[in-house]
Amino acid sequence: MMLEDRYLVWQVQRGSERALRRIYNRYETHLLTLATSLLGRTDQAEDVLQDVFTRFIESIDTFTLTGSLKGYLATCVVNRARDHLRKKKRRGEQPLGKADSVQARQTGPLEAAIAREQRQQLFAALARLPQEQRETILLHLQGGLRFREIARLHGISAKTAWSRYRYGLNGLKSMLNGQVEP
Amino acid sequence: MKPERKVEQMIRNLREAPNAEAHNRILGHLLSVLKERKRQTPAALEPELRRTIMRSPITKLAAAAVVALAIALPVSFLVRTAPTASAADIFYQAAEAMSGLTSFHIKVKMRTPPNDNFHYIRLDRDFTEIDFWKQCTDDERGKWRLESPGRVVVMDGRTSTMFMKHLNQVFEADDPSPERYWKECLVEVNEVMAREAQTASERPAAFTSSRETDPDGREMIVVAVEMPTHVPPDDYLRNKYLENADHLKIYRFNAQTKLLENLEIYVHDNGRDVLVFQLVAAEYNIDLDPGLFALDLPADVIRSVPPEILPDNERYEQMTSEEAATAFFTACAEEDWDELVKFLGQTGVSQPMKAYLGGLEIVSIGEPFQSANYRGWFVPYEIKLRSGRIKKHNLALRKDNRAHRFQLDGGI
């Protein structure tokens, strides 16, 4: 059995590097995927990941875990990614990176190449969704948050969150037509 | 699959694996932030437990009251004092202390039949001694051994194997965790403490903590937790497992080392408190014989296997639990071991089992029933063994297996 997140947080509050490593290793891939899906660029996603964990450590004294740690960190990633996009917009840069900025890090056989291609297309399709739909979809499917939790986060009703999710999913379905035909 | 489901699955399956350079860079940065924080505020990082417990006059009074009551009253009154919110902290401290162990040996005594499941309790039975040994290793799983007079489980670092000595039968689990055999197993004592901490933070009112001095003058932290069950009083499985019993657990930790020194568990049954579990001895960071973590099995050992699909499987699938029990005992009566093994999920029938059940007479088979959250059926039976002894009990049968046939799960 994995040690409880609450216990690991308690250990980090007491300065345990081992506990911090365990939390980071447990959620790194998941949060990096979420950030990359939101930003379209792996390098920027890494910055967000570092930023989220740095703030987590800096606020650990007053931190109280009320829900899941995964959900909490995913919410932080979404908020930081949104800040990141706002800043870019203010600087006049294209808010979302092109899909090809998601670095292809592995080389391999044909199947791997096809999988990579599909992944790039999915990242690209996510990037073309309205931000609120993209966030709702990713928070639900990657962050594991329920619609009422997403609604609370965005200051909307659970019904609106669900609608954003459905619209977003339909949008993705259209954009990925070739990949998702029954 | 519908396109929407496929899109959902694609997003769920998305994985952006970090590269080693980025992983090391970010983690290195985070560890340096944590170190810096630790350097700046060392006092805040290591709060004294005493300070945590004794920070308010009300808590001091409550703790004093618990000690006074513990001396003056039966154990059932121990938890009826003001709750304290620090029980979670005490368990977290204990979990942390026990995470740092290199090895340990814990001996307990428990009211359970010596040959039965480790977690099966019988209030009317004498105590059986059970030992836990653990050699902690870097990969967290460690190596461990759990042993009662009738059973031994050994985890060699990769897989766990249980040998039922009296049946000459072995069971190898896919999941090597000790919980597979016993939820409250103290082999993962730090995990048990972490779970208690979680419960204490969610239900602080159930926990009470205090301090006491043991006869050797050592200061101890005492935490009592009252655990109610939702199983009805007349249920067959009531008081047969801890989760099915109203019970009180009293933990005692060494205030200096934070290590578990004692644990007593009392089951509340019809106005009496029955001690069912007691930690007898705990030795930490000791040298353990590597031979403890290897199991020498007899050459003719019977192995447990998942039930295979039989050529006439349908016939067995259609049996009711009562029919399955009848078929089981009929096979014993006729000493038809090939037939019997179809109900056992094992490679054969052991000699001790043949000697015990062979040639029996069926006196009666009763109405099957279900109990608590057990996923199988209990079939009451009365048999006359070849020795002449009459045995009345309930055969436990379940069919949540790949062959969908009733298999023996206990009650012999």
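**Note on a predicted model: strands, cores and a helix pair**

1. In chain B, strand E9 (residues 247-254) pairs in the antiparallel sense with strand E10 (residues 260-269) over 7 bridges. Strands here are DSSP runs of E with at least two residues, helices are runs of H or I with at least four residues, and both are numbered from the N terminus. Two strands pair if DSSP finds at least two bridges between them. B:Tyr251 has B:Leu263 in E10(B) as its bridge partner. The two strands form a hairpin with 5 residues between them, and B:Lys258 in the turn has a positive phi of about 70 degrees.

2. This is a predicted model, in which local features need pLDDT of at least 70 and side-chain atom pairs count only at pLDDT 80 or more, while totals for chains, interfaces and linings use all residues. Residues are numbered from 1 along each chain as its sequence is written, and chains are lettered from A and ligands numbered from 1 in the order in which they are written.

3. E9(B) is also joined to strand E8 (residues 219-227) of chain B, by 8 bridges, and these two run antiparallel. Here B:Val222 stands opposite B:Arg252.

4. Chain B as a whole has 11 helices and 16 strands. Of its 412 residues, 31% are buried (20 or more other C-beta atoms within 10 Å of the residue's own, with C-beta atoms placed from the backbone).

5. The largest nonpolar core has 99 residues, and A:Ala35, A:Val77 and B:Phe91 have the most contacts inside it. Such a core is a set of buried Ala, Val, Leu, Ile, Met, Phe, Trp, Tyr and Cys residues joined through C-beta atoms within 7 Å. Helix H2 (residues 17-39) of chain A gives the most to this core, with 10 residues. A second, separate core of 24 residues includes B:Phe163, B:Leu167, B:Ala325 and B:Leu397.

6. Helix H3 (residues 42-58) of chain A packs against helix H2 (residues 20-40) of chain B at an angle of about 20 degrees, with the axes 10 Å apart. Axes are lines fitted to C-alpha atoms over the stretch in contact, and angles run from 0 to 180 degrees between N-to-C directions. H3(A) is therefore roughly parallel to H2(B), a term for angles under 35 degrees. Among the residues making the contact are A:Leu49 and A:Phe53 of H3(A), and B:Ile26 and B:Leu30 of H2(B); residues are in contact if their C-beta atoms, placed from the backbone, lie within 7 Å.

Notes: Buried ≥ 20, exposed ≤ 12 C-beta atoms within 10 Å, placed from the backbone. Parallel < 35°, antiparallel > 145°, perpendicular 65-115°, else oblique. Contact = placed C-beta atoms within 7 Å.
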